[in-house]
Amino acid sequence: MKSSYRTFVSSVGRSRRRKSSVAVLEAPNEFPRLQALREQLQHDPPMIHRSKQRLITTPQPLTDAVQLREWIDTLPLPSTILQDTYGRFHNYLRLSLVERCNLRCTYCMPPEGIPLSDNLLTSEEVLRLAEHFVSRGVNKFRLTGGEPTLRKDLTEIIQGLHALRPKQIGITTNGVILTRKLDEFIDAGLTSINISLDTLQADKFEQLTRRPYFSKVWESITAAHQRASQQDHLTVKVNCVVMRGVNDEEVPDFIRLTEQFPHLQMRFIEYMPFSSNGWDWSKCVPYQELLTDDLTPVPSSDPSDTTKWYQTPEGATVGFITSMSEHFCGSCNRIRLTADGQLKVCLFDGREVNLKNILRLPDVTEQDLDKVIYHALQHKQKQLGGHPDPASIKVDKNRPMTLIGG
């Protein structure tokens, strides 16, 4: 695999390997604001929703078990737990397992880092909630972070999820330490691996991530590709966030990469706005600008697929996640559980339900969980977290991506 990479790099051209200066996106120092937001999330009511331009709140504080029990008892018991008011059924649960990350990507977090919670869900709590969601219709999981491979009990969590017999157990990782336990994770039941890589140039990688780990990520990609070539049930994708003036000129190189590694799928993600990621609309590259005449559309068999897939003349598969230019909210089937136990029904909606506090009630029942999950989904907006268009998305009330789960 290393020789294949050397051959690929040679085909890119000598200029690609020169030391480059990248117009990286520096997020501002927002540690104090994020710390205040963290404290607010711990003490706000389970859900705040808008009705006729006014706020309706549930009892405070969250930590008061008596008031929390009284609030739960007022909620109706639904018949269809995972369906929202727009008829969308949510069978895909994204589980964030850790908030820490071993990279400091300029478009993700400031160099000083972000305030972290010291009270995350335990593995037992993660698996209990996962079992509950499976019993209600969830059949796909994706493990995220932060960087999920930093979680020491990750293998045990994968094994526990595998025992629930879902259709898919995936992971989204930066790949820095994936090779240490790649085989162990796959043997435990992992079926899908998404590895993030935004540049094929080692010097630019260090500028973008503030860490010199390009070779480690590349080792993970080649190792995962090797395993995918040996077993049909394993899929491997490389995710690239495309930013104008930063890495958009590398898109053809990434496409050629997939032609040399046939068991690798390449996906290009439009740059999205989140708290503390230095968002700049001018840096977003709509996918239409990246399409070339030789790419042929490939229909997806999954009606909730977020990716627009295309095939190259050589038969390689590339995709585009078009959250900004052509959102896919109408077919959304995803819900998210953050590492500190907050249920998020939309990536762009700052509102959350604290499932952790509810799960830790001494008398909590499965019906209680049903009520609260249904309550959250009944307030899921039609699109973009209630914003009319991508340009109007407000990030100041939402978490940074590393605290949501990629």
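**Exercise 1.** Which residue takes a positive phi in the hairpin of strand 10 and strand 11?

Solution. The model is predicted: local features need pLDDT of at least 70 and side-chain atom pairs pLDDT 80 or more, while totals for chains, interfaces and linings use all residues. Residues are numbered from 1 along each chain as its sequence is written, and side-chain values use heavy atoms, with hydrogens and water left out.

Step 1. Strands are DSSP runs of E with at least two residues, and helices are runs of H or I with at least four, both numbered from the N terminus. Five residues lie between strand 10 and strand 11 in this hairpin.
Step 2. Gly315 has the positive phi, near 95°.

**Exercise 2.** Describe how strand 10 (residues 307–311) is paired with strand 9 and strand 11.

Solution. Step 1. Strands pair if DSSP finds at least two bridges between them.
Step 2. Strand 9 (residues 296–298) runs antiparallel to strand 10, with three bridges. Val298 has Trp309 of strand 10 as its bridge partner.
Step 3. On strand 11 (residues 317–321), also antiparallel to strand 10, there are five bridges. Here Thr307 stands opposite Ile321.

**Exercise 3.** Check the length of helix 8 (residues 214–228) and find buried residues in it.

Solution. Step 1. The expected span is 1.5 Å times one less than the number of residues. For 15 residues this gives 21 Å, and the end C-alpha atoms are 21 Å apart, so the two agree.
Step 2. Buried means under 20% relative accessible area (1.4 Å probe, protein chains only), exposed over 50%, partly exposed in between. Buried residues of helix 8 include Phe214, Trp218, Ile221 and His225.
Step 3. Across the chain of 406 residues, 57% are buried.
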